[in-house]
Amino acid sequence: MLRNTYTKAFLAFASFASQADAFWRLPCASPVVVERADPIINPNAVSPHVHTVMGSNAFNFTMTYEDTRTADCSTCKVVEDLSSYWVPSLYYHAENGSFIPVKQSGGALIYYLQRLDPNDPNATEGLIAFPKDFRMVAGTPNNRNYTNTLEQRAVSFVCLGTEGPATFELPSQNCPDGLRAQLTMPSCWDGKNVDSPDHKSHMAYPSGLDNGVCPDSHPKRFITVFYEVTWGVDEFKDMWYGDKQPYKQPFVFSTGDTSGYGYHGDFVNGWDIPTLQRAINECNATSGNIEDCGAFELREDDDMAACKVLPRVNETINGVLSALPGCNPIQSGPEPAVQKLDCRGAVTQISDPILPFTDVSKKLGWKYIACAKDPAGQTRTLLDVYVDQPDMTVEKCISICGDQDYMYAGVEYRSQCFCGNDIAQDRMPTNGTLGDCSMTCAGDSSELCGGAARISIYTKCSDPTNCLNYNSGIP
């Protein structure tokens, strides 16, 4: 018996030594949706603030583990990972009081760090995979002050393209290569609960935040999850207005937080659990390259970028906004922010899915069929006619193509129209993906005219009385 105990201790130490520096980076190409949804904090309801969500197209206003496994695509690289990862969105606050969303530089990098400690209460067990229905939250949205707790040290910001260390608050200088928001999720588990009333108490940080010993109250140890999301703040480098504002920089999170102390992140487990456990046990590379882990099947980049969830909160979240979506006036602290509930016009109801295209089926008898690929530098998806004009709309493009008896009409990059009679199958969406054809038309901002290297394609219905858009269910 004593010999078995020594053997287990030795094996645990050997595992610790081989895994202490091992990790992999999970690339997530782009958001799967950006909207006021949070199935952990606000299930079956509109969330108070906008989130940028990465992960599978099973993301919804309420989710179980079984729901996640029904997804047929994800914006993240590993096929066996159908999890959801989300953070608050970032906005530029203009001198005139308006708000403009800041674009992400890519989607996110999710690090899986194989950090364990031989002095953990359950060290001999090693790292374990997340169980079914597991979820967790890190950070506190209404926090506006820094008090040097482990949870607050889990949030940091790096001003890329400048010198200097990471900061716990939003930096007061422009970041030429982007503002990287970082968040370490807790990794010590109570071993019983997959969630808790505050969505945090079932988890705890080890003594060193991402290393060190787990407390006795939370003896089991998961792999450490670390979020990196980079925002393209350099787009606004000439729009700072310094001493004219009560805070030192012009950016604000969707919660009304100008400090960054209220940054937070959420995670809903959608992993194929045996695959995750195999990766934890076997993937000991220190390169971070996910290709070095043989446990995973990897998605194509185009499929990741094309994976989308149709939003169901019918409000404007892009362009120039008079206020942050929801009810989120700026509250800079140091007192905790108070959630406001009396904002006139704030949407409070979940709606039907918002179509990712302009529906002209009834008006014109043409149906939408796809957001297809149209890669730069290659043969065009629709070959025969090309028109670029500053007043382009879906109807004008369909008129151009229909008048010449073409089967297909496609709008792209706001102002471009293409016509043709054939579409190569490899240009069509795959694996249930929708594509991103969300650019507004140059001639009518209420219509959608494709995207960058993405073309919204329509075709004439043989029976105008039964003209159904592809996969929309709306005649």
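Student: How many cavities of 30 Å³ or more does the structure hold?

Tutor: This predicted model holds four cavities of 30 Å³ or more. The largest cavity has a volume of about 80 Å³.

Student: Which residues line the largest cavity?

Tutor: The lining includes Gly139, Thr140, Asn143 and Tyr146. Glu151, Gln152, Val155 and Phe168 belong to the lining too, as do Gly260, Tyr261 and Tyr263.

Student: How do the residues of that lining divide into nonpolar, polar and charged?

Tutor: The lining of the largest cavity has five nonpolar residues, five polar and one charged.

Student: Is Gly260 buried or exposed?

Tutor: A residue is called buried when its relative accessible area is under 20%. Gly260 has a relative accessible area of 0%, so Gly260 is buried.

Student: Which residues is Gly260 in contact with, leaving aside its neighbours within four places in sequence?

Tutor: Gly260 is in contact with Val155, Phe157, Phe168, Leu170 and Phe253. As for Thr62, it is 198 residues from Gly260 in sequence and 27 Å from it in space, C-alpha to C-alpha.

Student: What is the mean pLDDT of the chain?

Tutor: pLDDT is the predictor's confidence in each residue. The chain has a mean of 92, with 93% of its residues at 70 or more. Over residues 1-17, pLDDT stays under 50, and the model has six contacts beyond four places in sequence for that stretch.

Definitions and conventions: Residues numbered from 1 in each chain as written. Predicted model: local features only at pLDDT ≥ 70, side-chain atom pairs only at ≥ 80, totals over all residues. Heavy atoms only, no water. 1 Å grid on protein atoms, 1.4 Å probe; cavity = no way out; pocket = protein on both sides within 12 Å on 5 of 7 lines; lining within 4 Å. Points joined across faces, edges and corners; volume = space filled by probe spheres on them. Nonpolar A, V, L, I, M, F, W, Y, C, P; charged D, E, K, R; others polar. pLDDT = per-residue confidence, 0-100. Contact = heavy atoms within 4.5 Å. Buried < 20%, exposed > 50% of the residue type's maximum accessible area, 1.4 Å probe, protein only.
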